[in-house]
Amino acid sequence: LQIWCWSCHNGAALLKMSAFPKEQDDSTSQMQKAFLDGIYKTVSKPPYELLRLDDLSSSLPSLQDIQTAYTRFKQLFLIDNSTDFWATDVKWFSLLESTNWLEIIRRVLKKAIEVAECLEIQHTNVLLIEESATDLCCVISSLVQVMMDSYSRTKSGFQSLIQKEWVIGGHGFLDRCNHLHKSEKEEAPVFLLLLNCVWQLVQQYPPAFEFTETYLTVLSDSLYVPIFSTFFFNSQHQRDTNKSGESLKTQSGPFRFLTVWDWAVQFDPKAQAFLNNPLYAEKPKPDKSQRKTARFKHQRQLSLPLTQAKPSTKRGFFREETDHLIKNILGKRIGKFINSSDEPPNSLREFYDSWHSKPVDYHGLLLPRIDGPEIKVWAQRYLRWIPEAQLHGGGTIATAAKILDLMEEVQSLQVKMDEEHSQAVSGDVHSVPMLRNSARLSSLFPFALLQRQSIKPALPTSTWKDLEDEDDLVKRDDEFVDLSGDML
């Protein structure tokens with residue numbers, strides 16, 4: 001069964017479908033042949049002549065490989081004492097590369113760029129195929145929508161995307177997160193892989209996102225908190241059954257689960273403020289006069305100019321060669337069929353370089369930078385509990401706090417100016433919003449309110465050894481020490 005995920009502004013659609021089992025008898029093969037015949041008859045009708053099949057099981061790492069890489073990667077941050085931290089810091093990059101976790105993130109981002117090129121440039125429908133269509137299909141389809149649809153980069157849009165593609169889409173959170181600790185064979189950080197990929201985009205293009213990396217970090221933490229129904233069940237049916245109490249043999253009634261999107265359950269208003277990006281470049285609303293003329297036109301403006309649709313050289317392609325394609329799909333790996341495409345091998349690189357050579361439109365298409373060290377470690381998630389890696393009085397949280405204070409001061413001054421302009425007689429000073437007290441927030445906020453003092457500053461080992469004898473520098477207040485750089 002094909003499931004529609006999203007449609008591009010030019011009409012090209014992104015779909016996903018579960019793969020057929022490899023072992024099958026003759027009767028099952030005939031049923032699948034008839035099913036595929038119906039698919040090709042459907043897509044052969046204009047304007048849906050072009051279709052690309054992408055078997056993610058052959059073009060992306062398996063779930064077992066993802067789990068193995070993440071387990072090795074996670075071990076780098078499970079450090080018990082300061083001695084182990086400084087010992088591993090010397091060979092940090094070699095250990096990081098050996099985990100293969102960042103390489104998997106790079107491969108997933110590259111696959112999303114390939115799909116975006118088919119939708120945007122080639123005007124081609126893309127059908128993602130996977131064994132269950134609830135794991136890597138969800139990752140790629142979600143990433144493509146975040147990259148191509150600016151609404152998915154807002155808080156409400158991203159929440160809707162998660163609900164549609166993952167919660168309603170049937171991703172097995174219970175098995176993949178191994179909440180019940182029943183079997184480790186099904187465990188794989190698939191949803192966490194998506195958040196890591198989205199974090200790369202947020203880190204590279206901050207003004208394009210209404211939410212911050214703290215929002216993604218909180219979301220990744222909530223994934224392993226079993227009080228939220230959002231990330232606890234394998235399917236919508238399982239979720240509805242348990243929430244209604246039909247499968248529970250208890251006298252107290254059904255369980256009452258909370259939704260993860262109610263941030264007030266976990267954080268106070270001050271901490272929730274760090275979930276919103278103060279530097280978000282909000283899309284300007286068009287005038288009413290412009291709405292009438294452009295009502296039937298797509299409003300998204302992409303950075304990369306659109307090209308003319310490539311005419312189909314074989315108008316009867318799907319009708320004339322249906323039997324041949326079905327034979328390829330049923331008898332061979334779908335990846336081999338995809339690789340036989342006559343597309344130029346360097347078209348993806350041309351698309352990638354052409355887009356990055358133009359100014360970025362934060363409300364249009366976004367392509368992540370995937371070359372070399374552009375793929376980085378999500379420091380706020382993985383390094384925050386290590387005292388030696390914390391930035392006391394610094395880090396992105398401190399920067400965001402200063403920006404929020406500045407915005408609040410500007411708003412209060414605007415209120416004063418409006419009052420003076422209107423010559424309000426009953427102007428009350430207390431009616432002006434009071435500025436928050438500027439606090440020295442560490443990079444651990446808002447995940448811990450108390451600052452844990454580190455024995456040594458967050459500097460690389462080589463730099464620390466050079467400064468070990470400089471007692472006066474170590475004893476200085478950290479606002480006089482340049483700790484703006486990360487340990488990585």
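In which helix is Leu219 found? Leu219 sits in helix 11, which spans residues 213–222. The model described here is predicted. The protein chain has 488 residues, 45% of them buried, and holds 22 helices and 4 strands.

**Whole chain**
- The accessible surface of the protein chain is about 26600 Å², and carbon and sulfur atoms account for 54% of that area.
- When contacts between residues at least 6 apart in sequence are considered, 77% of them join residues at least 24 apart.

**Nonpolar cores**
- The largest nonpolar core contains 102 residues, and those touching the most other members are Trp101, Leu119, Leu143, Phe158, Phe191, Leu216 and Leu219.
- Helix 6, residues 101–120, contributes the most to this core, namely 12 residues.

**Leu143**
- Beyond its neighbours within four places in sequence, Leu143 contacts Val108, Leu109 and Ala112, and also Leu194, Cys197, Val198 and Leu201.
- Leu143 is also one of the residues that touch the most other members of the largest core.

**Leu219**
- Leu219 counts as buried because its relative accessibility is 0%, under the 20% cut-off.
- With residues up to four places away in sequence left out, Leu219 touches Phe158, Phe191, Leu195, Phe231, Val260, Trp261 and Trp263.
- Two of these partners, Phe158 and Phe191, are listed with Leu219 among the residues that touch the most other members of the largest core.
- Phe231, another partner of Leu219, is 12 residues from Leu219 in sequence, and the C-alpha to C-alpha distance between them is 9.9 Å.

**Asp149**
- Asp149 lies in the loop that runs between helix 7 (136–148) and helix 8 (155–167).
- Asp149 is classed as buried because its relative accessible area is 7%, which is under 20%.
- A polar atom of the Asp149 side chain is 3.1 Å from the backbone nitrogen of Tyr151.

**Surface patch and Val265**
- A nonpolar patch on the surface is formed by Ile227, Leu258 and Val265, whose accessible area together is about 220 Å².
- Val265 is placed in the loop between helix 12 (236–244) and helix 13 (269–272).
- Val265 has a relative accessibility of 40% and therefore counts as partly exposed, since that class lies between the 20% and 50% cut-offs.

Note on methods: Residues are numbered from 1 along each chain as its sequence is written. This is a predicted model: local features need pLDDT of at least 70, side-chain atom pairs count only at pLDDT 80 or more; totals for chains, interfaces and linings use all residues. Side-chain values use heavy atoms; hydrogens and water are left out. Patches are made of residues with over 30% relative accessible area and no salt bridge: like charges are joined within 9 Å, nonpolar side chains (Val, Leu, Ile, Met, Phe, Trp, Tyr) within 5 Å. Accessible areas come from the Shrake-Rupley method with a 1.4 Å probe; for residues, only the protein chains shown count as cover. A salt bridge is a side-chain nitrogen of Lys or Arg within 4 Å of a carboxyl oxygen of Asp or Glu. Helices (H or I, at least four residues) and strands (E, at least two) are DSSP runs, numbered from the N terminus. Buried means under 20% relative accessible area, exposed over 50%, partly exposed in between (1.4 Å probe, protein chains only). A nonpolar core is a set of buried Ala, Val, Leu, Ile, Met, Phe, Trp, Tyr and Cys residues joined through side-chain atoms within 4.5 Å. Contact means heavy atoms within 4.5 Å. A polar contact is a pair of N or O atoms within 3.5 Å; within protein, one must be able to donate a hydrogen and the other to accept it, and residues adjacent in sequence count only if both atoms are side-chain atoms.
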